[in-house]
Amino acid sequence: MVDQLDTPVNTIGPGAGHAPRPGRAARSDSLGGTLAKIILLGITDAFAVYVLIALFLNEKWAVLTVAALVTLLINWIYLRRGGLPAKYLAPGVLFLAVFQVFVVAYSGYVAFTNYGDGHNSTKADAVSAIQMTAQKRVPDSPSYRITVVEKGGTLSLLATDPDGTAELGSVDEPLEEVTAEKDASGKAVAVDGYETLQFSDLLQRQDEILALTVPFSEDLDDGTLKTSDGATAYVFKPSLVYDEAAGTFTDSENGKVYSDIGEGAFVAEDGERLPTGWKINVGFDNFAHAFSDPDLRGPLVAVIIWTFTFAVMSVLLCFGLGLFLAVTFNHATLRGKRIYRTIMILPYAFPAFLAGLVWSGMMNQDFGFINNTFFGGADIPWLSDPWLAKASVLLVNTWLGFPYMFLVCTGALQSLPEEVNEAARMDGASAWRIFRSIKLPLLLVSTAPLLISTFAFNFNNFNVIFMLTGGGPRFEDTSMDIGATDLLITLVYKVAFGQGTGRDYGLASALAVLIFIIVAIISAISFRQTKALEEVNS
């Protein structure tokens with residue numbers, strides 16, 4: 001009787017008298033989950049195999065080994081029984097490693113190299129590039145009648161040499177004798193598998209035709225064929241001859257020798273360098289260069305001072321204005337608080353880069369809205385005077401940043417216990433004394449971490465500076481494109497992407513490492529002080 005009473009029985013419809021079987025639903029769910037896991041894992045493995053093949057073909061052995069191990073680890077995690085936490089953590093850890101840890105580590109590595117314009121590949125590539133760019137036409141060289149052909153988007157030269165032999169070659173493939181279709185004059189005009197370019201095509205692709213340099217053999221010292229009209233080509237040879245055994249280039253015109261002296265470039269005895277070099281490790285040279293180069297040392301110190309000033313003032317102004325408005329609109333008897341609060345957070349809805357462009361137009365010295373509307377058409381250089389530009393940047397950043405602090409402070413104020421305020425009023429404390437001695441300390445406990453993160457954000461606030469002033473007005477005591485409102489982050493961008501001085505990724509990475517160290521130290525100290533503040537208030 002006990003079993004019958006305790007066991008649920010279906011008494012209506014087909015199957016009456018039989019208990020339900022929950023195992024069926026569980027098995028169905030398990031089957032669906034298994035199929036989903038197999039499909040997702042199959043897609044992941046297919047992509048991994050593609051990446052591994054590409055790495056193998058490019059001979060990237062170290063990256064290939066790491067990628068293979070990661071692929072095996074992912075399969076082990078998701079194919080084995082148990083280990084549920086690892087299955088949830090694996091995707092996040094993987095993306096963290098790829099998009100955070102690797103980026104930081106690689107930036108640190110680049111900081112100790114000369115990576116940049118003219119130093120972005122290996123020595124072998126540099127030798128080939130020098131040989132290709134030092135090509136000069138051989139005097140009285142024979143002319144080759146040519147036809148420009150194309151296959152798979154790659155242009156090639158179908159050349160007919162003075163003996164009538166047809167040869168085919170491209171930038172990556174040396175000339176090689178082929179069987180070609182010839183016209184009545186004996187000129188090769190077509191070859192199987194290639195499309196012959198017509199005269200109209202040559203006119204439209206003149207830049208590609210002029211850049212087409214086809215070597216006679218793997219050794220570029222044997223010469224190349226180049227054409228200027230797509231009909232006739234001439235023999236060119238490098239004026240700089242490379243001696244592989246000695247590792248030197250010799251100028252065939254004046255006999256000057258350029259040697260590898262361990263600086264990632266070929267240098268002559270008089271200090272002249274060939275423009276193309278290669279990437280090498282330079283130790284701490286980039287860090288020393290940042291503070292020893294006269295063109296960079298003075299402006300860099302000014303930029304560091306302004307970066308700290310901008311970050312601190314932005315936090316103080318945004319927090320001060322946000323807190324003032326939060327206290328004002330938190331008054332119990334104020335009507336229409338929701339409308340006012342909505343209006344206050346409107347600037348928060350504007351993208352920073354778009355707001356920077358709009359304010360840049362409004363502050364234009366000649367036709368800006370601010371000068372024409374509020375100052376009667378006065379010629380005030382808001383963005384071209386160093387001090388006014390700094391004030392303008394702080395103004396715009398405060399306009400963009402105070403709504404965030406307003407929201408944070410409003411929430412923090414509403415969470416404070418009202419009993420403490422009532423007790424202070426009973427003791428005769430004034431509104432200012434209550435705010436200064438009770439509300440503000442409690443408010444700082446909850447907002448201090450946000451203030452630290454805001455400082456770190458403004459330390460690297462690229463959008464406002466770049467869109468509003470572009471870092472200007474430019475300093476006059478340097479040849480580099482560095483200005484009065486540049487932050488360290490905008491300076492890094494200009495150094496990295498060649499704003500006036502060429503791209504220097506090594507120096508830019510060194511400056512980025514300095515930014516990381518500065519922000520990390522300040523954040524660590526600030527969080528320690530925040531902890532002390534929490535202990536005092538507790």
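So, strands β13 (residues 248-251) and β14 (residues 257-260): they run antiparallel and are joined by 3 bridges. Within that pairing, F249 has Y258 in β14 as its bridge partner. Strands here are DSSP E runs of at least two residues, helices are H or I runs of at least four, and both are numbered from the N terminus. Two strands count as paired if DSSP finds at least two bridges between them.

Before I go on, the housekeeping: this is a predicted model, where local features need pLDDT of at least 70 and side-chain atom pairs count only at pLDDT 80 or more, while totals for chains, interfaces and linings use all residues. Residues are numbered from 1 along each chain as its sequence is written, and side-chain values use heavy atoms, with hydrogens and water left out.

Back to the sheet. β13 and β14 belong to an open sheet of 4 strands, in the order β12-β13-β14-β15, with antiparallel pairing. At the edges sit β12 (240-243) and β15 (266-267), each pairing on one side only.

Contact, by the way, means heavy atoms within 4.5 Å.

H119 sits between α4 (84-110) and α5. Which residues does H119 touch, leaving aside neighbours within four places in sequence? They are N114, E263, G264, A265, G277, W278 and K279. With N114, the H119 side chain makes a side-chain to side-chain polar contact at 3.2 Å. The backbone oxygen of G264 also lies 3.2 Å from a polar atom of the H119 side chain. For a polar contact, I mean a pair of N or O atoms within 3.5 Å; within protein, one must be able to donate a hydrogen and the other to accept it, and residues adjacent in sequence count only if both atoms are side-chain atoms.

Next, charges. How many salt bridges does a search of the whole structure find? There are 12, where a salt bridge is a side-chain nitrogen of Lys or Arg within 4 Å of a carboxyl oxygen of Asp or Glu.

R503 is partly exposed at 39% relative accessibility, and D117 is partly exposed at 35%. On that scale, buried is under 20% relative accessible area, exposed is over 50%, and partly exposed is in between, using a 1.4 Å probe and protein chains only.

Then there's E253 with K136, again 2.8 Å from N to O. E253 is in the loop between β13 and β14, K136 is in strand β1, and they are 117 residues apart. E253 is exposed at 56%, whereas K136 is partly exposed at 41%.

That β13-β14 loop also holds K256, which pairs with E272 from the loop between β15 and α8 (285-292), 16 residues away. The closest N and O atoms of E272 and K256 are 2.7 Å apart. E272 is partly exposed at 37%, and K256 is partly exposed at 25%. Separately, salt bridges that share partners join E150, R205 and E208 into one network.

E59, in the loop between α2 (22-57) and α3 (61-79), has a positive phi of about 60 degrees although it is not a glycine. E59 is also exposed, at 55% relative accessible area. D140, between β1 (135-137) and β2 (143-151), has a positive phi near 60 degrees too, and D140 is exposed at 79%.

And where's the cis peptide bond? It joins G472 and P473, with omega about 0 degrees, and P473 is in the loop between α16 (462-468) and α17 (488-496).
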